[in-house]
Amino acid sequence: MKVPFVLGAVLAALTFAAVPAAASSQPAHPAPLGPQRPNEPTVAGQENIESGTAWVDRLGAGVAVTFDGSRTTPTGEKPAAPREFVFLFDNSIRFHPLAFPTCSRTQLAEAACPPGSKVGAGRAEFYPAGTAEVAVYNTRFANGMRGVLITIPATGTVLDNTLEPVVGAYQRNYTWGLHEIVPPDATPPAERGSTSRFVVTFGASWRGHDFVTSAARPGSQLDLGVWSHYVTGQKTLTEGSTPRP
């Protein structure tokens, strides 16, 4: 069952708006203790309006979690480019990366990822047009952290997503987040490309093991969310809940 995210959702009894405002009024970073994005000046740009759905499917003895997020602007112009995202998973959800083969960036570049290392898939829709398939691979980073590589083969994009515990008030609903950092490049921030929709599913089975599991009873509500940070300095939090199949 697909349940819509709610923009400006309630967190710690505070309502957060998508409109860029004072830093204190924007949702805090859910997983600030892992890798840090390089500092980069904030630029003027469009206000992004977030919406989307999230759902959980049964997959073997485990589950597959899908996020389907869209972003627009009040004027219909290009959404501001992202700096980072954190995908947030219900307290009942656990990841099992040690049971799956890993794929490194080098192996990915050589099209040599081992069988069983692909643990998700999806689709990106770009502004103003164009779509591309997305693939997700289990990986181990040089610092020893676990996580996934989210790739868009058609564009050569590879994004590190580190699996990190959430902090503060986020712990009321979530335990783990996948923290995705979009590294800066030579393109001026205001001119960088952006997606108008991004769908990604995390979940796979391999030799009797499941990459994602949930300890929740079938029918109980699972909390899911996405925290976003853009080059304009805008931060948003979209959240919702969906039944555990």
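## Salt bridges

A salt bridge is taken here as a side-chain nitrogen of Lys or Arg within 4 Å of a carboxyl oxygen of Asp or Glu. Arg123 and Glu125 form such a salt bridge, with their closest N and O atoms 3.3 Å apart. The model is a predicted one, in which local features need pLDDT of at least 70 and side-chain atom pairs count only at pLDDT 80 or more, while totals for chains, interfaces and linings use all residues. Residues are numbered from 1 along each chain as its sequence is written, and side-chain values use heavy atoms, with hydrogens and water left out.

A search of the whole structure finds eight salt bridges. A network of salt bridges links Arg37, Glu40, Asp185 and Arg192.

## Bridges between elements

Helices (H or I, at least four residues) and strands (E, at least two) are DSSP runs, numbered from the N terminus. Glu50 and Arg71 are joined by a salt bridge in which the closest N and O atoms are 3.7 Å apart. Because Glu50 belongs to strand β5 (residues 49–59) and Arg71 to strand β6 (residues 62–72), this pair ties together parts that are 21 residues apart in sequence. Both Glu50 and Arg71 are buried.

Asp160 and Arg105 also meet through their side chains in a salt bridge, at 3.2 Å from N to O. Asp160 lies in strand β12 (residues 157–165) and Arg105 in helix α1 (residues 105–109), so the pair ties together parts that are 55 residues apart in sequence. Asp160 is partly exposed, with a relative accessible area of 28%, and Arg105 is partly exposed at 43%.

## Disulfide

The structure holds one disulfide, a term used for a pair of cysteine sulfur atoms within 2.5 Å. The disulfide joins Cys103 to Cys113, with an S to S distance of 1.9 Å. The link of Cys103 and Cys113 is left-handed, with -50 degrees about the S-S bond. Cys103 sits in the loop between β8 (93–95) and α1, and Cys113 in the loop between α1 and β9 (118–126), ten residues apart.

The two cysteines fall into separate burial classes: Cys103 is buried, with a relative accessible area of 1%, whereas Cys113 counts as partly exposed at 21%.

## A contact across the sequence

Gly34 lies in the loop between β4 (14–15) and β5. Gly34 is buried, with a relative accessible area of 15%. Gly34 and Glu164 are 130 residues apart in sequence, and their C-alpha atoms are 6.8 Å apart in space.

## Cavity

The structure holds one cavity of 30 Å³ or more. On a 1 Å grid over the protein atoms alone, a cavity is a set of points where a 1.4 Å probe fits but cannot get out, and lining residues have an atom within 4 Å of a point. Grid points are joined across faces, edges and corners, and a volume is the space filled by probe spheres set on the points. The largest cavity has about 40 Å³ of space.

The largest cavity is lined by Phe95, Pro97, Gly147, Val148, Leu163, Leu178 and Phe211. By class, this lining has six nonpolar residues, one polar and no charged. Ala, Val, Leu, Ile, Met, Phe, Trp, Tyr, Cys and Pro count as nonpolar, Asp, Glu, Lys and Arg as charged, and the others, Gly among them, as polar.

Key
Buried means under 20% relative accessible area, exposed over 50%, partly exposed in between (1.4 Å probe, protein chains only). On a 1 Å grid over the protein atoms alone, a cavity is a set of points where a 1.4 Å probe fits but cannot get out, and a pocket is an open set with protein on both sides within 12 Å along at least five of seven lines; lining residues have an atom within 4 Å of a point.
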